[in-house]
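The sequence and structure are shown below.

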2 protein chains.
Amino acid sequence: MSNTGVNQVVWSAKQQEFVQKWRELGVAWGIPPAMAAIHGLLMTQEHPMVTDEVMSFLSLSRGSAHTQLQALVEWGLVYPIKTLGSRQVRYVAERDSWQMMSCIARQRKKRELDPLLELDAWKRSWASKTDGLEASAVLDKTLDGVLAQASAVDGVLGRLLAEDERWWEQWLLRGLRRN
Amino acid sequence: MSNTGVNQVVWSAKQQEFVQKWRELGVAWGIPPAMAAIHGLLMTQEHPMVTDEVMSFLSLSRGSAHTQLQALVEWGLVYPIKTLGSRQVRYVAERDSWQMMSCIARQRKKRELDPLLELDAWKRSWASKTDGLEASAVLDKTLDGVLAQASAVDGVLGRLLAEDERWWEQWLLRGLRRN
DNA sequence: ACATAATTTCAATTTAAAATGAAAGTATTC
DNA sequence: GAATACTTTCATTTTAAATTGAAATTATGT
C-alpha cells in the first residue's frame with residue numbers, strides 16, 4: 001500500500017507561511033527553492049515524511065522532490081529512515097539547531113571559502129614563473145591581505161565546525177547575546 | 001577626446017587568469033559574473049579606468065559595464081573619480097583588503113542574515129495569535145535555536161564591521177594564522 | 001543655444017540553474 | 001520468477017537572473 005496514513009500530518013497556515021519564508025531565505029542563501037522548501041516543510045513536521053507526501057504538500061515533481069531530498073541528506077540536514085519490511089524511505093529533519101547550521105556552514109565553506117584559499121597556490125605558481133618583476137604589484141598586495149584573512153576565517157571555521165566540539169556554542173551565545 | 005591615453009594599461013596573462021578566477025569566485029558567492037570580473041580587472045590596475053576601457057577589456061556591453069560599475073560603487077568596492085573639466089568618470093578599486101572584505105560582508109549580511117533575523121518578529125506575531133497551543137512545537141524549538149545563533153552572529157558581525165575599529169583585524173590574523 | 005561627449009535607462013534577448021515527467025531501474029512480496 | 005511498489009535517472013522545459021544594445025537623457029565646452 002502506498003499510504004499507511006499512520007502519522008497525522010499537520011499543515012497549518014503558520015507552517016505554510018514558514019515554509020514560504022524558509023524558501024525565500026534559501027534563495028537568498030543560494031539554495032535551490034525546492035530544496036529549501038522541503039527542508040522547511042520537514043522542519044515543521046513531527047514525524048518523518050515520505051516522498052509522495054512531500055510532493056503533494058509542496059506541489060513538486062517526483063524528480064525534484066527526489067533530487068532535493070537526496071541533497072538534503074547529503075548535506076546532513078535530513079535523515080533517511082528505511083522502513084522495515086518495505087522499500088519506502090521516510091525523511092526527518094535534523095532537530096538540533098547548532099547541528100543544522102553547522103551543516104549549512106560546512107557546505108558554504110566548501111563552495112565559497114575553499115576556492116578562495118586555492119588562489120594562494122595559484123599565486124605561488126605565478127611567483128615562480130615571473131620571479132621578481134611582477135605584472136601587478138597592486139593586485140599582489142591586496143591579494144595577500146585577502147588570502148591572509150581567508151585563511152584566518154578558515155581557521156576559525158575549522159574550529160567552529162569541528163564535530164563534537166560545542167563549547168563554541170556556549171561562547172558564541174553567551175558572550176554576545178546583547179546587540 | 002574619448003581616450004587621453006595617459007595611463008599605460010597592463011593586461012598580462014597572469015592578470016587575465018586572475019580576472020577569470022575572480023569571476024568564478026564571484027559566481028560562487030552569488031555575485032553577477034560581470035560585476036566580479038570588473039572588480040577583478042580593477043584590482044589588477046594601477047590606474048583608474050574609464051567605462052569604455054572596462055567594456056573593451058572584458059567584452060561587455062555598455063549597459064552591463066555601467067550597471068555593474070554602479071553596483072561596485074554602491075558596495076564601496078570601487079571609487080568613482082570625476083575628472084575635472086570633463087564629464088568622464090574614472091574608476092579605481094579599493095586597495096585595502098580589510099576594507100574590501102568588509103564591504104562584501106556588509107552586503108551579504110544585508111542579503112542573508114537580516115532576513116533571517118526578521119523571522120524573530122514573524123514568530124512573535126504568531127505567538128500572540130495562537131497563544132499557548134502551538135501548531136508545531138518541533139519547529140518552534142529548532143527555530144528558537146536558529147534565531148539565537150543568528151543574533152549572536154549578528155552581534156559579532158556588527159562589531160567586526162564597525163567602521164574605524166580595526167583591532168579585530170589584528171586579533172583575527174594574529175591569533176589564528178596557523179591552521 | 002547648439003553640438004558633442006559622456007551617462008543612464010529599459011524592453012528584448014541570452015544564459016545558467018532548477019524543475020518536470022516519463023521511462024528505466026531495483027528491491028520486495030507473493 | 002512475475003508482479004508490484006518504490007526509487008533513480010535524464011532529456012526536455014521552465015524560470016529567474018543577467019546581459020545586451022539602442023534610444024533617451026544629461027552634462028560640458030564652444
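This is a predicted model: local features need pLDDT of at least 70, side-chain atom pairs count only at pLDDT 80 or more; totals for chains, interfaces and linings use all residues.

Between chain B and chain A the count is 4 salt bridges. Over all chains the count comes to 16 salt bridges.

The size of an interface is often given as the accessible area lost when the parts come together. Here chain B and chain A bury about 5,200 Å² between them. Carbon and sulfur atoms account for 68% of that area. Each chain brings 54 residues to the contact. Polar contacts link 18 residue pairs between chain B and chain A, counting pairs with both residues at pLDDT 80 or more.

On chain B, the side that touches chain A draws at least two residues from each of these elements: helix 1 (13-28), helix 2 (33-44), helix 5 (97-129), helix 6 (137-161) and helix 7 (167-176). Helix 6 of chain B gives the most, with 16 residues. By class, this side of chain B has 28 nonpolar, 12 polar and 14 charged residues.

## Two packed helices in chain A

Within chain A, helix 3 (residues 51-58) packs against helix 4 (residues 62-75) at an angle of about 115 degrees. The axes of these two helices are 9 Å apart, and their crossing is right-handed.

Helix 3 of chain A contributes Thr51(A), Asp52(A) and Met55(A) to this contact, while helix 4 of chain A contributes Arg62(A), Ala65(A) and Leu69(A). Sorted by class, the contact between helix 3 and helix 4 of chain A has 3 nonpolar, 1 polar and 2 charged residues.

Technical notes: Residues are numbered from 1 along each chain as its sequence is written. Chains are lettered from A and ligands numbered from 1 in the order in which they are written. Side-chain values use heavy atoms; hydrogens and water are left out. Contact means heavy atoms within 4.5 Å. Buried area is the accessible area (1.4 Å probe) that two parts lose on being put together, summed over both. A salt bridge is a side-chain nitrogen of Lys or Arg within 4 Å of a carboxyl oxygen of Asp or Glu. A polar contact is a pair of N or O atoms within 3.5 Å; within protein, one must be able to donate a hydrogen and the other to accept it, and residues adjacent in sequence count only if both atoms are side-chain atoms. Helices (H or I, at least four residues) and strands (E, at least two) are DSSP runs, numbered from the N terminus. Ala, Val, Leu, Ile, Met, Phe, Trp, Tyr, Cys and Pro count as nonpolar, Asp, Glu, Lys and Arg as charged, and the others, Gly among them, as polar. Axes are lines fitted to C-alpha atoms, for helices over the stretch in contact, and angles run from 0 to 180 degrees between N-to-C directions. A crossing is left-handed if the near helix is turned anticlockwise from the far one by less than a right angle, and right-handed if clockwise.
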